[in-house]
Amino acid sequence: MILVRRSAERGHADLGWINSYYTFSFASYNDPAHMGFRSLRVINDDRIAPGRGFGAHAHRDMEILTYVLDGGLTHRDSMGQIQTFGANTIQTMSAGTGVIHSEFNASEQEGGHFLQIWIEPAAPDVEPSYQQISFDPSEKRGRFLLLAAPWGMNHDDLGGHHASIHQDAFVYAAVLGPGESVQRKLARGRHAWVQVAQGSLSINGETLAEGDGAAISDECDLAFTGNQEGGEFLFFDLA
Amino acid sequence: MQDINTLVTFSSRTGSTERLALAAALGAVQARSYIRLRWLREAVDDETVDRLPEWRSNRTRMAREYIAPREIDFLWADVLLLGMPARDGVSSPEWTTYLAAIESVQHGGKFQGKVGSAFTADASETGRGEPALVSLCSSLDGLDLILVPPDLADAGSPIESARLHGRRVIEAARGLRQDRMIQAQAI
């Protein structure tokens, strides 16, 4: 079963300095029918004006992943991290017992385009941590690149370096050219969320455009094909 | 159980008091409080700012990262945590204005049951700026807030002391709230 969440159906807020589309309920957008999917709680598609961003604010008991689609982001936090990163990087922060941080578009001239993702942790009160892992864009072309996996999973067994999160969830990125296809098995009892970051593609014949998402359950064989302009998507393999 | 709202307001030039404010706020978050961080911009001219190394760059950065406190923040907060550099006092223009703003809200009787506390930093981050601390606490006391006194015991570092203080204030506020609820049920 594939349930599509169309881009235009998402929540939306344009505050001038930030233009956000919310796949799930967030801030002023509250829809009880869209509170998340499995442990996936938030996917915010944010476009942030030059030099602007989120001032110091707190998080607790949440796995927070940031994926830059265009531009760069500067992050400061109460763990002492001051980092700037751009595309082809996954940043994860386990808020656990508490983190205070700020995030700003790193450019004073160019806008930025970011996906902010929250995943509920399996247990509260973990020790806060920060990870930032970059990769070569070729690593996600025509294949699933693992961005994040549960703590304790061996990097070598999973085929490369990735961030660790406190939940039974695997996050992948993939880029497909026009007509290019990849297959993926979804284990029995597992669920998946697909979020199209850029371009368009189809899953088992279901067409998804930029910003669209899809909840997948009770499906074992998944076939992804890039449409005319190809596309990039995130794939969440969830318990 | 995030049932306490905490407003952390601080003034800072080179970032020392900001670090203590972040630590106190983190302690509050660890005690499961919602927090808002607000920065009081000093009422000084550009020439004065440029006299102190780092003041200019920190001022620019903090102006981006923090907004100034608003009346709605006072009303939202169950706990007011105030922090200033030890060299300052409540007679500085920004604090005079801020405390007057709080007082105007307090006159409406909207501070009943709210908790207040304070912390200070000096240039060496010893966190023992007693004169400033005393002046801040006196101001809070005059606003009819329930005052949680600062703990001057050495926690190993000023940052750690501030974190523990933030945590302790929230625990005190939660305990007071529970006491009130028990009393209300007994009536």
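Analyst: Let's start with a term: two residues are in contact if their C-beta atoms, placed from the backbone, lie within 7 Å. Here the contact takes 11 residues from chain B and 10 residues from chain A. Helices (H or I, at least four residues) and strands (E, at least two) are DSSP runs, numbered from the N terminus. The largest share of this side of chain B, 5 residues, comes from α1(B). By class, the side has 8 nonpolar, 1 polar and 2 charged residues. Ala, Val, Leu, Ile, Met, Phe, Trp, Tyr, Cys and Pro count as nonpolar, Asp, Glu, Lys and Arg as charged, and the others, Gly among them, as polar.

Keep in mind that this is a predicted model, in which local features need pLDDT of at least 70 and side-chain atom pairs count only at pLDDT 80 or more, while totals for chains, interfaces and linings use all residues. Residues are numbered from 1 along each chain as its sequence is written, with chains lettered from A and ligands numbered from 1 in the order in which they are written. The predictor gives the complex an ipTM of 0.88 and a pTM of 0.92. Chain B averages a pLDDT (the predictor's confidence in each residue, from 0 to 100) of 88, and 95% of its residues score at least 70.
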